[in-house]
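This briefing goes through a protein chain by topic. Please keep the sequence and the 3D structure in view while reading.

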Amino acid sequence: MPWTPNVRIPDQQSKSSPALAEFRGELHMVHAGNSSNDIWHSVSPDGETWSRNERIRGQQSKAPAALASFQDRLHITHLGNSSNRIWHSSFDGIRWTTNDEIEGELSQAAPAMAVFQGGLHLLHLGTRIRTEFLDQSLLQFGVAGQRLRASPGSVQCRAKCVTPGWSPRTAAR
């Protein structure tokens with residue numbers, strides 16, 4: 001099956017790859033700015049026309065972001081503006097939550113996300129001595145509106161796997 005010819009999206013420019021996901025029947029796109037690491041968000045109701053770019057407040061990344069729809073929220077993960085830390089935020093259709101660092105998760109390149117078997121999976125290139133290995137984390141969320149909850153070591157995998165009961169804000173306590 002052939003792809004349609006390329007069509008330029010008006011007023012959209014980026015210095016890195018965009019991320020795309022369906023959320024509540026609309027197509028959502030996030031991408032870095034053309035001349036900054038600010039992350040921008042646009043929506044298309046039909047896959048052809050796009051809303052005006054809106055900067056996601058407090059969100060910057062030195063690499064492309066990942067985007068996925070899960071439990072009636074649009075989730076974004078990305079590297080820090082100047083670090084390999086991985087950050088997470090979500091969108092309820094009106095506003096984005098505050099950016100939260102995913103404790104202990106570092107990557108040398110952009111992360112990827114997908115929903116699978118009831119969880120939101122995050123895959124990224126680790127920062128250990130042998131950097132060719134991929135690390136995986138499972139992000140599971142509790143009741144709608146709750147912040148990210150996870151618990152390290154819940155299942156065996158190379159990286160931290162996260163399940164209900166842990167949050168970046170309470171982990172340090």
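In this predicted model, strand S4 contributes the most to the lining of the second largest pocket, giving 5 residues. That pocket has a volume of about 240 Å³. Its lining is made up of 17 residues, and those closest to the centre are Glu54, Arg55, Phe91, Ile94 and Trp96. Two elements each give two or more residues to this lining: strand S3 (38-44) and strand S4 (54-60).

**Second largest pocket: residue classes**

- The lining of the second largest pocket divides into 7 polar, 5 nonpolar and 5 charged residues.

**Largest pocket**

- The volume of the largest pocket is about 450 Å³.
- It is lined by 15 residues, with Asn6, Val7, Ile9, Gly47 and Trp50 the closest to its centre.
- At least two lining residues come from strand S1 (19-23), and at least two from strand S2 (26-32).
- Sorted by class, the lining of the largest pocket holds 10 nonpolar residues, 3 polar ones and 2 charged ones.

**Cavity**

- How many cavities of 30 Å³ or more does the structure hold? The count is 1.
- The largest cavity has a volume of about 30 Å³.
- Its lining consists of Ser16, Ser17, His31, Ala32, Ile39, Ser61, Ala63, Pro64 and Ala65.
- Of these lining residues, 5 are nonpolar and 4 are polar, and no charged residue takes part.

**Aromatic rings**

- The count of aromatic pairs comes to 2.
- Phe23, Phe91 and Trp96 are linked into a cluster by ring pairs.
- Phe91 and Trp96 are also among the residues closest to the centre of the second largest pocket.

**Serine 90**

- Serine 90 is located in strand S7, which covers residues 85-91.
- Is serine 90 buried or exposed? Its relative accessible area is 5%, so serine 90 counts as buried, the cut-off for buried being under 20%.
- The side chain of serine 90 makes a polar contact of 2.7 Å with the side chain of arginine 73.
- Apart from neighbours within four places in sequence, serine 90 is in contact with Arg73, Leu74, His75, Arg95, Trp96 and Thr97.

**Serine 36**

- Serine 36 sits in the loop between S2 and S3.
- With a relative accessible area of 22%, serine 36 is partly exposed, because that class runs between the limits of 20% and 50%.
- A polar atom of the side chain of serine 36 lies 3.2 Å from the backbone nitrogen of aspartate 38.
- Serine 36 and lysine 62 are 26 residues apart along the chain, and their C-alpha atoms are separated by 9.0 Å.

**The chain as a whole**

- The chain contains 11 strands and 1 helix.
- Along the sequence, these elements follow the pattern β-β-β-β-β-β-β-β-β-β-β-α.
- The chain has 173 residues, of which 42% count as buried; serine 90 is buried, whereas serine 36 is partly exposed.
- Among the contacts in the chain with a separation of 6 or more, 31% are between residues 24 or more positions apart.

Conventions. Residues are numbered from 1 along each chain as its sequence is written. This is a predicted model: local features need pLDDT of at least 70, side-chain atom pairs count only at pLDDT 80 or more; totals for chains, interfaces and linings use all residues. Side-chain values use heavy atoms; hydrogens and water are left out. On a 1 Å grid over the protein atoms alone, a cavity is a set of points where a 1.4 Å probe fits but cannot get out, and a pocket is an open set with protein on both sides within 12 Å along at least five of seven lines; lining residues have an atom within 4 Å of a point. Grid points are joined across faces, edges and corners, and a volume is the space filled by probe spheres set on the points. Helices (H or I, at least four residues) and strands (E, at least two) are DSSP runs, numbered from the N terminus. Ala, Val, Leu, Ile, Met, Phe, Trp, Tyr, Cys and Pro count as nonpolar, Asp, Glu, Lys and Arg as charged, and the others, Gly among them, as polar. Rings of Phe, Tyr and Trp (its six-membered ring) pair if their centres lie within 6.5 Å; planes under 30 degrees apart count as stacked, over 60 as edge-to-face and the rest as tilted. Buried means under 20% relative accessible area, exposed over 50%, partly exposed in between (1.4 Å probe, protein chains only). A polar contact is a pair of N or O atoms within 3.5 Å; within protein, one must be able to donate a hydrogen and the other to accept it, and residues adjacent in sequence count only if both atoms are side-chain atoms. Contact means heavy atoms within 4.5 Å.
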